[in-house]
Amino acid sequence: MAKPVLYSYWRSSCAWRVRIALNLKEIPYDIKAVSLIKGGGEQHCNEYREVNPMEQVPSLCIDGHTFVESLSIMHYLEETRPQRPLMPQDCFKRAKVREICEVIASGIQPLQNLVVLIHVGEEKKKEWAQKWITRGFRAVEKLLSASAGKYCVGDEITLADCCLVPQVFNARRFHVDLRPFPIILRIDRELENHPAFRAAHPSAQPDCPPEVAK
């Protein structure tokens, strides 16, 4: 069977989530880099539009199918490759994982996505991103205060952790004050040296600019 192919951009938090999940499940995959900035964005070319009609990353070609949208991709991986699970068995905990994932993937990330920041404009983009990340992190911190153990939900790594870590990176990129979010910071520190997370980090990607790569 052909190795899965992930269409990815080194700094995309949505592609990063999927890289973490693939690594945690120990699924070998190849990366096909899609530059979101080169030539106005390779994601807008006709060839890639055939892969992903939303003209975004990630897209994952696996099992003879192509899937778009990071959460649906991660749930497909979970359902088809249940070994090394990233969702709890308990229904309540599963719901809490989905809740945290959705707050980040629907309530924070899209508001500071590249296409939105371009629309907002260079002068206001930092203030805009800080506003919406801070607002979302207040909610995430509150949710984590009831669900977190060692990680976002209990003491096992879940899809919620796959979503949280890239969003913390984005928060730092836009110089968000993270001091009000001690649980978020603690979980991020807990995971920063985990091999699956380190391998998925933007600086470890084949399309990462040399001046940024470790």
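Me: What is Lys25 in contact with, leaving aside its neighbours within four places in sequence?
Reply: Those residues are Leu77, Glu78, Arg81, Pro82, Gln83, Arg84, Pro85 and Leu86, where contact means heavy atoms within 4.5 Å.

Me: What kind of model is this?
Reply: This is a predicted model, in which local features need pLDDT of at least 70 and side-chain atom pairs count only at pLDDT 80 or more, while totals for chains, interfaces and linings use all residues. Residues are numbered from 1 along each chain as its sequence is written, and side-chain values use heavy atoms, with hydrogens and water left out.

Me: Back to Lys25. Is it buried or exposed?
Reply: Lys25 counts as buried, at 3% relative accessibility. Buried means under 20% relative accessible area, exposed means over 50%, and partly exposed is in between (1.4 Å probe, protein chains only).

Me: What lies 2.7 Å from a polar atom of its side chain?
Reply: The backbone oxygen of Arg81 does. A polar contact is a pair of N or O atoms within 3.5 Å; within protein, one must be able to donate a hydrogen and the other to accept it, and residues adjacent in sequence count only if both atoms are side-chain atoms.

Me: Where in the fold is Lys25?
Reply: Lys25 sits in the loop between α1 and β2. Helices (H or I, at least four residues) and strands (E, at least two) are DSSP runs, numbered from the N terminus.

Me: What do β1, α1 and β2 make?
Reply: Together with helix α1 (residues 13-24), the strands β1 and β2 make a right-handed β-α-β unit. Right-handed means that, with the strands pointing away from the viewer, the path from the first strand over the helix to the second runs clockwise.

Me: How many bridges join the two strands?
Reply: There are 4 bridges between β1 (residues 5-8) and β2 (residues 30-33), and the strands run parallel. Two strands pair if DSSP finds at least two bridges between them. Tyr7, for one, has Lys32 as its bridge partner in β2.

Me: New topic: backbone angles. Which peptide bond is cis?
Reply: The one from Val57 to Pro58, with omega near 5°. Pro58 is in the loop between α2 (46-51) and β3 (59-62). Most peptide bonds are trans, and most residues other than glycine have a negative phi.

Me: What about the phi of Arg84?
Reply: Arg84 is not a glycine, yet its phi is positive, about 50°. It lies in the loop between α3 (70-80) and α4 (91-107) and is partly exposed, with a relative accessible area of 41%. His175 also has a positive phi, near 55°; His175 is in the loop between α7 (159-173) and α8 (182-191) and counts as exposed at 55% relative accessibility.

Me: Which side chains does Gln112 make polar contacts with?
Reply: The side chain of Gln112 meets that of Gln167 at 3.0 Å and that of Asn170 at 3.2 Å. Gln112 is in the loop between α4 and α5 (114-120) and counts as buried, at 5% relative accessibility.

Me: How many aromatic pairs are there?
Reply: The structure holds 6. In one of them, the rings of Phe137 and Phe181 have centres 5.7 Å apart and planes at 80°, so the pair is edge-to-face. Rings of Phe, Tyr and Trp (its six-membered ring) pair if their centres lie within 6.5 Å; planes under 30 degrees apart count as stacked, over 60 as edge-to-face and the rest as tilted. Both Phe137 and Phe181 are buried.
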